[in-house]
Amino acid sequence: MIRVLFVCLGNICRSPMAEAVFRELVKNKGLAHLIEIDSAGTGKWHIGEAPHRGTQRLLREKGIDYSTIKAREFQEKDFSDFQYLVAMDQKNVQDMKRKSPKSTSLSITRLLDECPHIQEKDVPDPWYTGDFEETYRLVKAGTEALLDRIIKENHLEEEVLANETD
């Protein structure tokens with residue numbers, strides 16, 4: 001099983017949006033049986049809460065399910081539980097590295113590192129900007145590029161093709 005974790009500050013805006021959008025993309029490619037997706041926050045203020053109402057509204061408008069998502073805190077064990085650790089911004093990367101075990105060789109990437117055509121690499125936090133549409137636009141671009149990378153790195157092209165012809 002390929003495991004992907006999206007991380008932001010509070011796990012109520014950006015990372016649950018990325019989790020839901022990525023889950024939808026994975027399902028549409030017929031890869032849900034191979035890829036497990038989760039999200040977490042570097043802070044613990046919102047543990048157990050559903051996504052922010054702005055994230056919920058936007059995902060509802062796009063027809064993307066978020067019903068099972070609840071905020072949780074990023075843990076040291078996530079370094080051994082996930083193959084892909086994807087942060088929403090550089091501050092999240094720094095906060096995650098502070099929790100990394102000395103022995104880890106797993107790298108943390110920012111979601112927009114997957115998008116060379118997008119100059120800014122930090123996904124802005126709509127908690128502060130109020131712009132959930134812009135966050136969604138960037139999350140969608142980043143998750144599409146990430147899925148392409150995962151398909152290539154894990155040699156899933158034939159699986160995707162088989163699912164498309166079914």
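So, to start: is F22 buried or exposed? F22 is buried, with a relative accessible area of 0%; buried here means under 20% relative accessible area, exposed means over 50%, and partly exposed is in between, using a 1.4 Å probe and protein chains only.

Quick caveats before I go on. This is a predicted model, where local features need pLDDT of at least 70, side-chain atom pairs count only at pLDDT 80 or more, and totals for chains, interfaces and linings use all residues. Residues are numbered from 1 along each chain as its sequence is written, and side-chain values use heavy atoms, with hydrogens and water left out.

Okay, aromatics. Searching the whole structure turns up two aromatic pairs. F6 and F22 make an edge-to-face pair, 5.4 Å centre to centre with 70° between the planes. For the cut-offs, rings of Phe, Tyr and Trp (its six-membered ring) pair if their centres lie within 6.5 Å, and planes under 30 degrees apart count as stacked, over 60 as edge-to-face and the rest as tilted. This pair links distant parts of the chain: F6 sits in strand 1 (residues 2–8) and F22 in helix 1 (residues 14–28), 16 residues apart. Helices (H or I, at least four residues) and strands (E, at least two) are DSSP runs, numbered from the N terminus. Like F22, F6 is buried, at a relative accessible area of 0%.

F74 and F79 also form an edge-to-face pair, at 5.4 Å centre to centre and 80° between the planes. F74 is buried at 1% relative accessibility, and F79 is buried at 7%.

Four strands make an open sheet in the order 2-1-3-4, with parallel pairing; two strands pair if DSSP finds at least two bridges between them. Axes are lines fitted to C-alpha atoms, for helices over the stretch in contact, and angles run from 0 to 180 degrees between N-to-C directions.

Let's look at strands 1 and 2. Seven bridges join these parallel strands. F6, from our aromatic pair, stands opposite S39 in strand 2, and C8 stands opposite G41. The chain goes from strand 1 through helix 1 to strand 2 in a right-handed β-α-β crossover, meaning that with the strands pointing away from the viewer, the path from the first strand over the helix to the second runs clockwise. Also, five of the seven residues of strand 2 are buried, so strand 2 is largely enclosed by the rest of the structure.

Now the helices on the sheet. Helix 4 (residues 90–98) lies across strand 1, strand 3 (84–87) and strand 4, running at about 170° to strand 4. Helix 6 (residues 132–153) packs on the sheet too, touching strand 1, strand 2, strand 3 and strand 4, and its direction makes about 155° with that of strand 1. Contact means heavy atoms within 4.5 Å.

Last stop, V7 in strand 1. V7 is buried, at 0% relative accessibility. Leaving aside neighbours within four places in sequence, its contacts include F74, A40, V86 and N92. V7 and N92 are 85 residues apart in sequence, but 7.0 Å apart in space, C-alpha to C-alpha.
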